[in-house]
Amino acid sequence: MRDARHTFIDWTKMTVVLSCVNLKGGVGKTAIAVNFSAYCGSIGLRTLLVDLDPQANATFSCITPEKWSEHGKKKGTVADLLGVKNSVHAEGNTAKAKDIILKGVLGGVDLVPSDLSLFTIDLDIGARTARERLLKKGLKDVMDDYDIIVCDCPPNLTLPTQNALAISTHYVVPVSPDFLSSLGIALLITRVKKFGEDMEVEIKNAGIVLSRVGRPSNFREQTIADLKKKFPKTMLKSAITERSVVTESTAKNKSVFQMNDAEAKREFTNFSIELLGKLGLKK
């Protein structure tokens with residue numbers, strides 16, 4: 001992976017923001033967000049991972065629940081950036097992004113941890129003005145500190161996902177090769193396009209990636225063939241196989257690149273290189 005530094009050296013001047021989205025859970029979305037972030041950090045990109053899923057799986061892939069709880073109480077979480085909790089420090093200052101960000105997880109990635117309060121965020125801030133732009137406002141002072149920001153979104157299009165898309169330059173759609181997982185992709189793409197038009201922002205589709213390939217699934221090969229036929233220009237060539245090492249790395253707060261599985265490293269490396277090219281972060 002060190003050699004990759006010589007390939008990806010001409011970073012864009014504008015911060016690239018990538019949202020990982022799907023309308024269905026269990027498709028490997030968090031594993032892709034976490035390990036892609038880890039790869040970016042390992043090749044010298046200043047990388048921020050933002051966990052917008054109230055299940056906090058990306059957060060717990062990086063830090064222990066104990067550290068998350070302690071950090072949330074002392075510094076705050078993404079909920080503060082979205083105006084849900086508004087934690088106040090001892091000196092009386094409201095928590096800011098620079099305070100909330102956990103530095104250097106996964107060997108070089110910064111993290112904005114999630115919060116359980118996101119489960120009810122649509123009820124809490126549903127009446128707020130410009131509620132879809134709260135994350136953009138919360139991160140504006142640190143945007144220039146990063147080359148790439150990766151947002152792990154919940155499996156829906158509620159306010160956390162909308163806030164991620166409102167600051168995104170691109171989005172990627174992880175999909176496992178089963179019928180239910182792939183069913184809503186066309187709807188998702190249509191809704192993201194419409195959201196971008198409403199928000200007057202351009203959000204480019206960086207691709208659809210097959211994830212958790214190999215898991216038990218009826219009509220798997222037919223589903224894969226149908227996806228490639230229906231989305232020939234957006235299907236990425238790289239695919240991620242279902243592997244136990246992904247779960248093991250999460251339990252150890254490590255990326256797959258820090259584990260002893262050459263095939264997993266190869267797959268995530270190939271995917272990351274291909275996706276970086278789609279994002280314009282390639283020499």
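1. Is Leu180 buried or exposed? Leu180 is exposed, with a relative accessible area of 56%. Here exposed means over 50% relative accessible area, buried under 20% and partly exposed in between, with a 1.4 Å probe and protein chains only. Areas come from the Shrake-Rupley method with a 1.4 Å probe, and for residues only the protein chains shown count as cover.

2. On the basis of the note: this is a predicted model, in which local features need pLDDT of at least 70 and side-chain atom pairs count only at pLDDT 80 or more, while totals for chains, interfaces and linings use all residues. Residues are numbered from 1 along each chain as its sequence is written, and side-chain values use heavy atoms, with hydrogens and water left out.

3. Leu180 lies in helix 9 (residues 179–183). Helices (H or I, at least four residues) and strands (E, at least two) are DSSP runs numbered from the N terminus. Together with Phe179 and Leu183, Leu180 forms a nonpolar surface patch of about 340 Å² accessible area. Patch residues have over 30% relative accessible area and no salt bridge; nonpolar side chains (Val, Leu, Ile, Met, Phe, Trp, Tyr) are joined within 5 Å, like charges within 9 Å. A salt bridge is a side-chain nitrogen of Lys or Arg within 4 Å of a carboxyl oxygen of Asp or Glu.

4. Lys96 sits in the loop between helix 4 (78–81) and helix 5 (97–100), and is partly exposed at 47% relative accessible area.

5. Strand 6 (residues 170–175) pairs with strand 7 (residues 204–213) in the parallel sense over six bridges; pairing requires at least two DSSP bridges between two strands. His170 stands opposite Lys204, and Tyr171 opposite Asn205. Strand 1 (residues 16–20) also pairs with strand 6 in the parallel sense, over three bridges, and Leu18 has His170 as its bridge partner.

6. Six of the six residues of strand 6 are buried. In a regular strand the side chains alternate between the two faces of the sheet. His170, Val172 and Pro174 are buried on one side, and Tyr171, Val173 and Val175 on the other.

7. Strand 7 and strand 8 (residues 235–241) pair in the parallel sense over three bridges. Val213 has Thr241 of strand 8 as its bridge partner.
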